[in-house]
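This report looks at a few places in one protein chain. Keep the sequence and the structure in view while reading.

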Amino acid sequence: MEEKTIQIAGSITVDELATALGLSVTELIGTLFKNGIVATINQRLDYETASIIIEELGIKDVKLERKNTSTKTSDFHRELSDKAVTRPPVVAVMGHVDHGKTTLLDTLLNKKTVEGEAGGITQHISAYQLEHDDRLITFLDTPGHEAFAAIRQHGAMLTDIVIIVVAADDGVKPQTIEAINFAKSANAKIIVAINKIDREGADIPRTMADLSNNGLQPEEWGGDIIMVPISAKMNQNLDKLLDMVLLTADIEELKADVDIPAEGLVIESHMEVGKGSVVNLLVTGGELKTGEYIVAGSAYGKVRTMLDWQGKPRGKATPSTPVTITGFKELPNFGDRFIEVKDEKTARKMALLNAQAAADESASANVTSSDLLRMMNVADNSKVFNVIIKGDVLGSVTSVVDSLKMIDTHGEITLNIVSTGVGDINENDVYMAADENTIIYGFNVSVPINISKMAARDGVKIRTYKVIYELLDDAKSEMENLLDAEIVEEDKGEIKVLGVFRTEKTSIIAGGEVLKGDVKPGYLVRVVRDKKYLGEAEVTSVQKEKIDVKELIAGETGGLAMKTKSRIDLQINDRLKFFTREAKKRTL
């Protein structure tokens with residue numbers, strides 16, 4: 001039978017799915033009901049949920065496909081016109097934490113950022129421009145800790161070239177592999193900067209071999225990956241690295257149209273007192289000028305002020321240029337595409353349409369795959385971890401939320417994001433947290449004194465951090481506290497019963513020979529007769545030659561007293577198997 005393809009754009013109603021599958025709506029609703037979901041004919045199911053239901057129904061000749069209707073970062077590609085002009089390359093710098101990518105950017109840009117970053121780790125995505133051989137290069141400094149996997153993936157999607165920084169004395173690390181995968185998934189060209197060649201222990205051939213084993217074959221070895229040995233700290237070979245960036249850009253023939261309405265991407269946004277919304281944009285096409293109206297998702301505004309990456313005013317921005325603007329009436333989301341429109345009326349209308357589309361998309365996820373899987377598992381005893389996330393900028397909030405979702409709880413804990421927001425922790429946050437036994441996490445934000453007192457009064461936990469992995473460590477620890485303890489048993493010894501002196505309802509006194517291990521007061525014991533389990537007891541005392549001792553060891557004979565919860569009729573030749581039982585806190 002020929003396989004049937006069903007395309008799903010975001011979600012599909014129960015009625016639509018039933019029709020596509022050739023089933024009655026009643027049958028499909030019945031299957032949903034069996035899996036714990038009470039659905040109506042117009043209930044919307046997401047892609048993953050539909051997949052699970054089809055699998056539950058045992059339908060083999062149907063294939064699901066995602067129908068792409070998104071205008072998100074990774075999906076937006078414009079066909080260039082004949083008038084397209086050469087533009088600067090957009091370069092992302094990625095690599096394992098401490099391998100020196102921020103030092104590389106600092107040296108290139110002759111600036112210092114490390115001291116200003118909490119924990120010496122880049123916290124936000126930042127955009128810079130420098131000039132080399134009278135040509136501009138745009139750099140994106142993407143966060144280096146694994147906590148920022150989501151934001152770093154966005155960074156890769158924005159770029160033409162990825163410089164992967166690898167320390168010559170440390171080699172390929174997990175985040176290096178992650179950066180390689182992101183760069184490949186974004187179809188970006190890769191250049192490797194083998195850093196720290198000035199250090200003792202630096203081994204360039206070994207590092208190249210390490211990279212080769214991870215899918216990056218050096219040009220010197222017949223591959224297609226440019227690898228440049230550098231010392232960011234000593235400013236060694238950095239000109240050569242920039243030469244390779246421009247050479248790669250020339251080969252790629254990077255171009256953009258300027259004769260079109262300005263468009264680009266939101267790379268950061270936050271609120272500032274006296275300025276309102278402050279938004280970092282990367283222009284990808286057209287020319288963005290002050291005074292123009294732009295729309296990004298459900299946010300719109302008029303470009304009131306525009307600054308370059310150094311904070312200097314400018315009147316317009318051309319393709320591949322990062323700028324900071326004010327004028328948005330509300331904060332756009334990180335990764336949203338922005339476009340220029342002719343007037344405020346058009347901007348308002350488009351923003352409203354985008355907001356409605358987003359609401360529809362949100363409503364379409366009435367039944368998500370995670371909900372369905374949770375409902376399908378009848379024995380699901382997962383606990384819920386409720387959190388409220390507040391951050392200084394939207395990019396921070398996004399990366400904190402995404403990173404929390406990446407913590408693997410093996411299905412035992414359900415992460416519930418009660419709310420998120422930008423700005424200091426406020427009364428509303430505390431009210432929401434008090435109702436749901438919720439922890440409020442603040443990233444680079446403050447807690448006003450009155451809010452702190454209010455939280456203390458209501459028993460609400462507020463935790464603030466400036467380094468994201470410290471926040472994640474705390475959240476992970478809180479989740480671990482919700483896990484049921486692991487019961488660990490350890491075998492200790494075994495006795496063959498040679499004499500039974502007394503058996504009562506809650507106690508036994510017997511003697512025997514220790515066949516292996518040892519026996520001590522406090523040990524637990526299983527009573528076994530011909531491999532049949534008779535009951536459990538606890539050793540209260542041990543004697544050797546009628547004298548109390550601390551232990552009996554293999555080969556010795558002696559007596560022991562045990563307490564039981566119910567009567568055990570012990571007999572000669574029964575086996576007493578001793579063990580300890582401990583409840584250990586589990587970790588994720």
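## A partly exposed valine

With a relative accessibility of 28%, Val258 counts as partly exposed, because the partly exposed class runs between the buried limit of 20% and the exposed limit of 50%. The model is a predicted one. Val258 sits in the loop that joins strand E12 (255-256) to strand E13 (263-272).

Apart from neighbours within four places in sequence, the residues in contact with Val258 are Val85, Gly286, Glu287 and Pro319. Ser81 is 177 residues from Val258 in sequence, yet their C-alpha atoms are 9.9 Å apart in space.

## A buried histidine

His99 has a relative accessibility of 2% and counts as buried, because buried means under 20%. His99 is found in the loop between strand E6 (90-95) and helix H4 (101-109).

Which backbone atom does the side chain of His99 reach? The side chain of His99 comes to 3.1 Å from the backbone nitrogen of Ala167. Leaving out residues up to four places away in sequence, His99 also touches Val165, Val166, Asp170, Gly171 and Lys173, as well as Thr176, Asn195 and Lys196.

Helix H7 covers residues 204-213, and Thr207, Met208, Leu211 and Ser212 are buried in it. Viewed down the axis of H7, the buried residues fall within an arc of 140°, so they line one face of the helix. An α-helix has 3.6 residues a turn, so residues three or four places apart point the same way. Pro205 and Asn213, on the other side of H7, are exposed.

What do the buried residues of H7 pack against? Their partners are strand E9 (161-167), strand E10 (189-195) and strand E11 (226-229).

At the start of H7, a side-chain oxygen of Asp203 comes to within 3.0 Å of the backbone nitrogen of Arg206. Gly215 follows H7 and has a positive phi, near 90°.

Helix H11 takes in residues 394-405. At 1.5 Å a residue, its 12 residues should span 16 Å, and the end C-alpha atoms are 17 Å apart, which agrees.

Why is H11 described as largely enclosed by the rest of the structure? Nine of its 12 residues are buried, so the rest of the structure largely encloses the helix. The buried residues of H11 include Leu394, Gly395, Ser396 and Val397. Ser399, Val400, Val401, Ser403 and Leu404 are buried in H11 too.

Conventions
Residues numbered from 1 in each chain as written. Predicted model: local features only at pLDDT ≥ 70, side-chain atom pairs only at ≥ 80, totals over all residues. Heavy atoms only, no water. Helix = DSSP H or I, 4+ residues; strand = E, 2+ residues; numbered from the N terminus. Buried < 20%, exposed > 50% of the residue type's maximum accessible area, 1.4 Å probe, protein only. Contact = heavy atoms within 4.5 Å. Arc of directions from axis to C-beta. Polar contact = N/O pair within 3.5 Å; in protein donor to acceptor, adjacent residues only side chain to side chain. Expected span 1.5 Å × (residues − 1).
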